[in-house]
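Definitions are given where a term first comes up.

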Amino acid sequence: MVRLWIGPTTLGAIGVVGLIGAIHLGVGTTSVPGAGMWPAVASTLIIVSALVMGPQPDTEAVHRTDAVRVGGALSLLALFITLFTYTGIFIPALVVLALWLRFLAGRGLVFSLLTAVGTAGGLHLLFGVFFGVGG
């Protein structure tokens, strides 16, 4: 019976943690959104998805390697949020993408670094230059 609720409960917990973090960043208002506005919207959608999802009768057994991989992914997301709070988007995107591609996706070192640099640069251009976010 507990196994039926592992997926929705985990998803809901991720949404709640994200919502708490978004509130900590400051949600603001719709006319003057804060840094946590979009994370709050995304986290709320995750929570609603978990509620709609309900029990999952066709679940598979969770293997240790899968659990380690999911834990690593969540840890990297936490690292991204922490670094983003202090440094803006470029450094966290660079670090987290490089680690994600290298260790979670199993890509080569050169591919991981080049992709991380290119993507982080693109995010900086999009948000920092084009949208003027994050000074």
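A residue is called buried under 20% relative accessible area, exposed over 50% and partly exposed in between, with a 1.4 Å probe and protein chains only. At 48% relative accessibility, Phe 131 therefore counts as partly exposed.

The model is predicted: local features need pLDDT of at least 70, side-chain atom pairs count only at pLDDT 80 or more, and totals for chains, interfaces and linings use all residues. Residues are numbered from 1 along each chain as its sequence is written, and side-chain values use heavy atoms, with hydrogens and water left out.

**Overall make-up**

- The protein has five helices and zero strands; helices (H or I, at least four residues) and strands (E, at least two) are DSSP runs, numbered from the N terminus.
- The order of elements from the N terminus on is α-α-α-α-α.
- Along the principal axes, the C-alpha trace spans about 50 × 45 × 20 Å.
- Of the 135 residues in the protein, 17% are buried.
- The accessible surface comes to about 9300 Å², and 75% of it belongs to carbon and sulfur atoms; areas come from the Shrake-Rupley method with a 1.4 Å probe, and for residues only the protein chains shown count as cover.
- Contact means heavy atoms within 4.5 Å. Among contacts between residues at least 6 apart in sequence, 49% join residues at least 24 apart.

**Helix α4**

- Helix α4 covers residues 90-104. The expected span of a helix is 1.5 Å times one less than its number of residues, so the 15 residues of α4 should span 21 Å; the end C-alpha atoms are 20 Å apart, which agrees.
- Pro 92, Ala 93, Val 96, Ala 98, Leu 101 and Leu 104 are buried in α4.
- These buried residues of α4 pack against α3 (64-87) and α5 (109-130).

**Nonpolar surface patch**

- Ile 14, Val 70, Leu 74, Leu 77 and Trp 100 make a nonpolar surface patch of about 400 Å².
- Patches are made of residues with over 30% relative accessible area and no salt bridge; like charges are joined within 9 Å, and nonpolar side chains (Val, Leu, Ile, Met, Phe, Trp, Tyr) within 5 Å. A salt bridge is a side-chain nitrogen of Lys or Arg within 4 Å of a carboxyl oxygen of Asp or Glu.
- With three residues, α3 gives the most to the patch.
- Ile 14 lies in helix α1 (residues 6-25) and is partly exposed, with a relative accessible area of 34%.

**Aromatic pairs**

- Rings of Phe, Tyr and Trp (its six-membered ring) pair if their centres lie within 6.5 Å; planes under 30 degrees apart count as stacked, over 60 as edge-to-face and the rest as tilted.
- Three aromatic pairs are found in a search of the whole structure.
- One of them joins Phe 80 and Phe 84, which are stacked at 5.9 Å centre to centre, with 15 degrees between the planes.
- Phe 80 and Phe 84 are separated by about one helical turn because they are four residues apart in helix α3.
- Phe 80 is partly exposed at a relative accessible area of 25%, and Phe 84 is partly exposed at 36%.
- Phe 130 and Phe 131 form an edge-to-face pair, 5.0 Å centre to centre and 65 degrees between the planes.
- Phe 130 counts as exposed, at 64% relative accessibility.
- Phe 127, Phe 130 and Phe 131 are linked into a cluster by ring pairs.
- Phe 131 is found in the segment after α5. Phe 131 and Trp 38 are 93 residues apart in sequence and 15 Å apart in space, C-alpha to C-alpha.
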